[in-house]
Amino acid sequence: MIDMIGAASALSRLSGSGGTDIASAASMAQAAGTAASAMPGGSFADVMQSMGESVVDNLKVAEGQSFAAVRGEAATRDVVDAIMTAEQSLQTAVAIRDKLVTAYLEIARMQI
């Protein structure tokens with residue numbers, strides 16, 4: 001738990017003015033930790049793929065919960081939780097994408 005809090009504070013400092021909030025930084029740290037522990041010695045591409053797959057899974061769960069609510073088979077609380085989790089995952093994915101694009105552009109501007 002303490003490691004996640006430390007990682008969340010470090011990530012929130014990196015996000016700058018247009019970054020993520022503490023909650024999505026904590027989820028990013030948790031997702032990165034989960035992906036890293038799932039693939040010991042995995043490459044950066046493997047970690048990013050794993051995180052992307054978890055975002056897609058969260059979106060699918062939220063969509064399924066929404067359809068179940070329309071049919072009257074799911075509680076409102078479950079639907080809201082699933083949608084909030086999916087939204088947080090998507091915001092985290094967008095923040096990571098923005099950081100990767102910024103890093104790429106910075107590298108592209110370097111003089112050789």
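**Exercise 1. Compare the length of helix H3 with the span expected from its residues.**

Helix H3 covers residues 44-71, which amounts to 28 residues, where helices are DSSP runs of H or I with at least four residues, numbered from the N terminus. The model is predicted, so local features need pLDDT of at least 70 and side-chain atom pairs count only at pLDDT 80 or more, whereas totals for chains, interfaces and linings use all residues. Residues are numbered from 1 along each chain as its sequence is written, and side-chain values use heavy atoms, with hydrogens and water left out.

**Exercise 2. Identify the buried residues of H3, and state what follows the helix.**

Begin with the cut-offs: buried means under 20% relative accessible area, exposed over 50%, and partly exposed in between, for a 1.4 Å probe and protein chains only. In H3, the buried residues are Val47, Met51, Val55, Ala62 and Ala68. After the helix comes Gly72, whose phi is positive, near 85°.

**Exercise 3. Repeat the span check for helix H4, and list its buried residues.**

The 33 residues of H4 should span 48 Å at 1.5 Å a residue, and the end C-alpha atoms are 48 Å apart, which agrees. Buried in H4 are Val79, Ala82, Ala86, Ser89, Thr92, Ala95 and Ile96. Leu90 also lies in H4, but Leu90 counts as partly exposed because its relative accessibility is 42%. Between Leu90 and Asn58 there are 8.8 Å in space, C-alpha to C-alpha, although the two are 32 residues apart in sequence.

**Exercise 4. How many salt bridges does a search of the whole structure find, and which residues form them?**

A salt bridge requires a side-chain nitrogen of Lys or Arg within 4 Å of a carboxyl oxygen of Asp or Glu, and the search of the whole structure finds three.

1. Glu73 pairs with Arg71, their closest N and O atoms being 3.2 Å apart, and both residues are exposed.
2. Asp81 meets Arg77 at 3.5 Å, N to O; both lie in H4 (residues 76-108), four residues apart, about one turn of the helix. Asp81 is partly exposed at 35% relative accessible area, whereas Arg77 is exposed at 60%.
3. Asp98 and Arg97 meet at 2.7 Å, N to O; Asp98 is partly exposed at 35% relative accessibility, and Arg97 is partly exposed at 46%.

How values were computed:
Helices (H or I, at least four residues) and strands (E, at least two) are DSSP runs, numbered from the N terminus. The expected span of a helix is 1.5 Å times one less than its number of residues.
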